[in-house]
Structure formats: C-alpha cells, structure tokens
Amino acid sequence: MTNQLRDPNDKTRPCGVFAREEILGRMALPVSDVRSLVITPLFDKDKALDSDSVDLRLGAYFLLPRALPEAYYCPDGKTATSLHVKVHVPLGQYLVVPAHQTVLGSTLEFIKLPYDASGEILTKSSVARTFIVVETAPWIHPEYRGCLTLEIANVSNTPVLLYPGRPIGQLILLHVARALEPNRKIDSTYFGPIHPEAPPFRNPEEDLRKIGVHRTAVIRKGIVNQQGIFEAEK
Amino acid sequence: MVFVEVPYSQGPSFFANLMIYHELGHYVFERLADADDRRPAFTLLVSAMDRAFGEKLGDSIKTPGTRAWAKRVLEAWTKEVFCDLFALRNLGPAFSFALIDFLSLLGLMGEDVEGKFDEDHPAPALRLREQQKCLQKGGWWTPVENLPSGHVSLMARLAGKTEPEYFFEFQETVIPAFIEAFLAIVPLIHELAVDLTPHSEAAAADFAQHAEKIDECLLHGVVPSSLLAENRASSPTPVSMINAAYCFHLTSLPKLMDRLEGQRADNLQQRMTWAEKLEAWTVKGVEDSQLLVKSADSGHR
C-alpha cells in the first residue's frame, strides 16, 4: 500500500478514482497527516467498502420544510433559516417522506477528506430504484470535514419510509492534482457540521450588485391602506 | 455508567448539561435512604452523621426545633458533597470544570465567599478540595493538573485553603462546631461514592490512554469516535471524549481557530461558534461510541 501514497509534490502521482486499497491506506494514516481520510463511525468495513466506493448511512437528524406564511420561498438573508423545522428520528424509527416532497438529511458518518482528494456522493442504486434521490449537489471539496448534508427528494408517486442507520449513498473519491501548501489555512465555511445545515444566503440584490446588476426585482409583503396606498411590511 | 441521551436541542450547551449528574446524585441519595435493605456504606455514613452531630453539636443545641434544623443543615451539606463526588466519579474532571463554569466561580471567587458555608451548601473551597482529592485518588488528577487553564489553577488554589478558613455564619454568629462536625463526616461520603462507582478508575485509565489522540482529532476538526493507534482503530469511552473535549475547550480552541481561514481567537462571536462546534463534535462522538459498542456487542463490527 505504501507505494500508493506518493509524495504530495510528486507530479506523477496517480489520478482518477480511489480504489479500495487506497481508501484503506488513507484511512490508516494519522488524522494529522494531510493525506488522511476519516470516515467515522464505519460499520462492517468489509461490506461498506466496494472496489471504488464507500457506502454511507442515513443519519438521524433532519430539516423538514415547513409551511411558510408567504406564498413563495425566496432564498435570501431573511428566510435562509426559516424554511425548515429540525427533527430527530432515533435509530429504529422511521421518517415518512410524502410523494414529491423533499427533506434535508445528513450522513451518519462524519468524514474528513484529504487535501488532495475531492469526493462525490451518489444515491445507492438500490435506493435510487425506490425513486429516492439523495443528492443534487454531490461534490465535496478537498479537506472538507463533517457529516454530509443530503438533499433528499422522493420523486415517486407514493410515500416512502426512511430509516436512519440504513445505507443510502456511496462516496467516491477522486485525486486532485494539487501541490501541498504547508501553511495554508482551511476554509471554515461548512466546516465540521454534524447535522444537516440550512443554506446561508445573502439577499439577491447583494449578490447581483457584485456583478454590476443594480436593479433587482423583489417581492415585498405589505398592505394596501384605506387610501389605496401600498405600505411595505417592515 | 448509564449515559443519559442529550436532546438535539441541547447539543450546543452540552458541557453545561454535565451538571445533570449532580442532580442524578440527589436521586440516588434519596433511593439509598429509602431502600429497605440499606447499603453498608450508606449505613456507615448515616451513623457518622449521627455521631458527628452528637459529639460536636448535640450538647449545645437543646430545643427540638433547632436540633432538627441543625441536622437538616448537616444532611444538606452531606448530600451536596455526595452529589459532587457521585458526578465526579462518573464523569471525571469535566464535572468540576462544568461546575466552575455553571457557578461562574472563575469570576466570583474572593476571600469572603470561598470558605463560606450556607444552610444548603458547603463552601466552594471545600467542595473543590474534596473534588480534587477524589480526582487524585481515582487517577484523574495527574493528566489534568498541568493544564494551562484558569479552571485547574482555581481548583488547586481553593483546594489549598486551610480548614480554619472555612466558616458558617447563622444570624450573624459564626458557629465553628458545624464545620467540625461536617469534616468528620466527609471521609464517609467519599467511601459511599467509591462504593457506588467502582468503574471510575477504569474510566480514568481509558482517559489517560486516549486523551492525546482525542485532542489530535479535535485539533483537526474531526469527531473522535474512532482513533488510530499502531494501525488499529479503537473507540474511546464517552467519558474520555467528554473530558478530553473539555480540556481542549479550556486550552486549545485558539489553536483550532488558527488553522482556519478568517478565524481569530480574540473574536468572541467566532470563539463561541467554535466552542459550540466542539460541543457538537463531542455529542456526535458520544453517540457514535454508543453505536459502535452496540454494533460490536451484536458481532457486526
């Protein structure tokens, strides 16, 4: 295995998807090694590791969409944390995802990616055949650590039960040809979550102003008073 | 050890919730008192309370109401120290650290309060002295005594206070006999706590074995539920994780923040965010550990 773990600055080091042996080798490195891979807790390691992937299980915490007071949802600074209700479903219990509904979940496993590997999480094929889709933003950057937030969608015509603790996704790791920068600091955005996280948004006008758009259409709540004049809600 | 599951909502204040173990101690004490077949160590404690009352206070207090009140005071102090030691032997020094934070002892201690007993509680100095003794006997103190932390130095300083510095004042009169009576009871409280928690020494040994590796995980932002040593993965106990994480909280949060882009340890808001994250990793580690144990027990690990 040691010949798989080349010098980080070796330009000839392997590319492509990590094979089982390399996954195991990376997991055997101490956590302080920038090339180390952590997946914890990992149950039944022999079965969890395929020739080129690792099975990940569904965690016990969810963010369920709530009925909003507005007739729409605008991803902005005000609503970013108001769309969801936090729910804990203990192992052994289930969560019903109604037909055509979505929930945010997370993996049971906490992972740490090496500095020179990206990850991709895919729905397990057996789960996909029940028309549950677990990821629409599957890419995981190098050095990420945390439980992965899963955007779970039931695209079938029937309610589906989800049991925390059951395998739900597959993690694929890919080499990133990247030189080691010993003193570089790690990006702290999305660092170390253990529960699904709601997305942090700014207001759309703030994002658009950065690319030179100075007029942004928005929907504002308010009332029309006796004189027929619109008063925006503060 | 029976670990009480912490609700989702309490994750960010996990360390403060360690105080629950003191309250569990009250429940245990009541159960011991109500038991038909009393535990010998408890019977010895009750005898010591009666003897101490008789020898130090019995002759000087004549009225039945005052005698009952005096017994209640001694019993309340006994229960408080018992609950501290019960929690400590289940949780290790993390309980003392949580108590110091919970009572804000770091900022509030002064000569006038450190040695002061009230009707319900013994003095903070005595409580921390007995906790330190218990940690020393149980093998917990050595791994933490040199931590560069205000919590540890406060414990050491208060534990060093001498008995004449303790005082109990009632209606503006200092009554030394209460303290004398109580000091005679204290060794029996230790014995009862030890009798009820025989697993504590093994927990201390696990902590001494795993603390460094847990610290390393936390420094790299990783949940410490599975540790690598000599190419083998092992799982520390929840108690080891809690103690190592609390020590990390007290000493190493700036080191973690220094590894992250845009984070400064002198920014209070950012520091609180990472303290909460650390507590969340600890909760996750404890949950994982319980799953790994269950899985191993059922032969699937």
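Where is Gln171(B) found? Select Gln171(B) and you land in the loop between strand 2 (167–170) and strand 3 (173–174) of chain B. Helices (H or I, at least four residues) and strands (E, at least two) are DSSP runs, numbered from the N terminus.

Before going on, a word on what is open in your viewer. This is a predicted model, where local features need pLDDT of at least 70 and side-chain atom pairs count only at pLDDT 80 or more, while totals for chains, interfaces and linings use all residues. Residues are numbered from 1 along each chain as its sequence is written, and chains are lettered from A and ligands numbered from 1 in the order in which they are written.

**Still at Gln171(B).** Its phi is near 50 degrees, a positive value in a residue other than glycine. Gln171(B) is exposed, because 5 other C-beta atoms lie within 10 Å. (With C-beta atoms placed from the backbone, 20 or more others within 10 Å make a residue buried, 12 or fewer exposed, and anything in between partly exposed.)

**Next, colour chain B by domain.** The assignment gives domain 1 (8–198) and domain 2 (201–296); such bounds come from an automatic or database domain assignment. Taken over C-alpha atoms, the centres of domain 1 and domain 2 of chain B are 29 Å apart. Where they meet, 18 residues of domain 1 of chain B are in contact with 20 residues of domain 2 of chain B (contact: C-beta atoms, placed from the backbone, within 7 Å). On the domain 1 side, helix 4 (93–102) and helix 8 (141–144) of chain B each give two or more residues. Helix 4 of chain B supplies the largest share, three residues.

**Now show Leu91(B).** Together with Phe82(B), Phe95(B) and Ile189(B), Leu91(B) has the most contacts inside the largest nonpolar core, which has 117 residues. Neighbours within four places in sequence aside, Leu91(B) is in contact with Leu18(B), Tyr21(B), Val239(B) and Ile242(B).

**Finally, move to chain A.** Pick Pro41(A), in the loop between strand 1 (38–40) and helix 2 (45–48) of chain A. Your last stop is His100(A), in the loop between strand 5 (95–97) and strand 6 (102–112) of chain A. His100(A) has a positive phi, near 60 degrees, and counts as partly exposed because it has 13 C-beta neighbours inside 10 Å.

Note on methods
Contact = placed C-beta atoms within 7 Å. Core = buried A, V, L, I, M, F, W, Y, C linked by C-beta atoms within 7 Å.
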